[in-house]
Amino acid sequence: MIIAGEHSGDMRAAEVIAAVNRIVSGTTWFGIGGPQMRLQGVETRHDVEEMAVMGIGEVLRRYSFFRDTLEEMVTWAQKRQPDMAIFVDYPGFNLRLAKRIHALGIKTVYYICPQVWAWHRGRIPKMAQYIDHMLSIFPFEAEHFKNTDLPVTYVGHPLLDSIEASSALPEYRLPWNAIHRVAILPGSRKQEIARLLPVMLKAGKILQTSIQDCGFLVAAAGSQQENQIASIMKETSEIPQKIKIIKDHTRDIIAQADAAMVCSGTATVETALLQCPMAVCYRAHPITYFLVRPFIRVPHIGMVNIIAGKEICP
């Protein structure tokens, strides 16, 4: 059983599945995921598009869906009795499900350590009770679990391998149509795009008036995101003149850009690895912000800044 709840998790889970299938033939997979996982042969009952929400208000509005989906996955696990359940990131849902699945006597593995060390350290000893093995992608994470019985293995960041492979490919031609190139990465979740993109477009317009011949490409993770971005751009008055939406070529956009505005998340690490200067952007619902802010235990926002221990990207 394998559970991923957003686009980045879908990609990471697909890599895990491909690696396991190379080592253990005849493995069957089922759970929650997206197109990349289905290409690897996973039987899914829900897509990442259904699961990808952000913020307390949005989760509460869809509480019955998440409750029913969790129960559905528990029932499915009882019926199929998998040898192992792998949970990929997505902690709000996956930690609750992992606890229920572990209670069934099924081995649980968590890939991409939840950032509880940043916002909810009290969860760490509880997690050790129902997760059998943690696979972390940052070397400092194991330290936070040293006083528990939870084994943690640092496996390296998956983006390092994929970026190295993609750097050997010929450059993809993109319609920049300008000397100065700025990438706009508003995220993949509907709420993120709705809140962030208008601000990014406004910033782009300011940049275009202060820097001559400045062009922008907006990265869309898929067709739904492309349609949403196009709709917002039509409705927004403050927008740069030289701007286009590009689907499925986020990495090419980052690699060719002189600078980027990036939604806080995995994309900031990818942008850093591609050596593109960036501004880390996020805009939460006011209620979410005021409820969550007191629990934040790190001095910086953005994984690049957290890893560095100082603000590299504003």
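Helices α5 and α6 (residues 91–103) pack at an angle of about 35°, and their axes lie 10 Å apart. The crossing of α5 and α6 is right-handed. On the α5 side, the residues in contact are F66, T69, L70, E71, M73, V74 and A77. Their partners in α6 are F93, R96, L97, R100 and I101. An α-helix has 3.6 residues a turn, so residues three or four places apart point the same way. The contacts of α5 include F66, L70, V74 and A77.

Now step back to the whole chain. This is a predicted model. The protein has 15 helices and 12 strands. Its radius of gyration is 20 Å, close to the 20 Å that the globule rule gives for 314 residues, so the protein is as compact as a globular protein of that length. The C-alpha trace spans about 65 × 45 × 35 Å along its principal axes. Of the 314 residues, 46% are buried. The accessible surface comes to about 16100 Å², and carbon and sulfur atoms account for 55% of that surface. What share of contacts between residues at least 6 apart in sequence join residues at least 24 apart? The share is 62%.

Strand β6 (residues 133–136) runs parallel to β7, and three bridges join the two. Within this pair, S136 stands opposite Y154 in β7.

There is also an open sheet of five strands. Its order is β10-β9-β8-β11-β12, and its pairing is parallel. Here the edge strands are β10 (243–247) and β12 (278–281), each pairing on one side only. The twist averages 20° from one strand to the next. Strand β9 (residues 214–220) pairs with β10 in the parallel sense over five bridges.

Helix α10 (residues 190–210) touches β8 (180–185), β9, β10, β11 (259–263) and β12. Its direction makes about 160° with that of β11. Helix α13 (residues 266–273) lies across β8, β11 and β12.

Which of its residues are buried? They are T268, V269, E270 and T271. These buried residues pack against three of the strands, β8, β11 and β12. They also pack against helices α9 (158–167), α12 (250–256) and α15 (303–308). Just after α13 comes Q275, with a positive phi of about 60°.

Notes. Residues numbered from 1 in each chain as written. Predicted model: local features only at pLDDT ≥ 70, side-chain atom pairs only at ≥ 80, totals over all residues. Heavy atoms only, no water. Pairing = 2+ DSSP bridges. Helix = DSSP H or I, 4+ residues; strand = E, 2+ residues; numbered from the N terminus. Rg over C-alpha atoms; globule rule 2.2 N^0.38 Å. Buried < 20%, exposed > 50% of the residue type's maximum accessible area, 1.4 Å probe, protein only. Contact = heavy atoms within 4.5 Å. Areas by Shrake-Rupley, 256 points an atom, 1.4 Å probe, with all protein chains shown as cover. Axes fitted to C-alpha atoms, helices over the stretch in contact; angles between N-to-C directions. Left-handed = near helix turned anticlockwise from the far one by under 90°.
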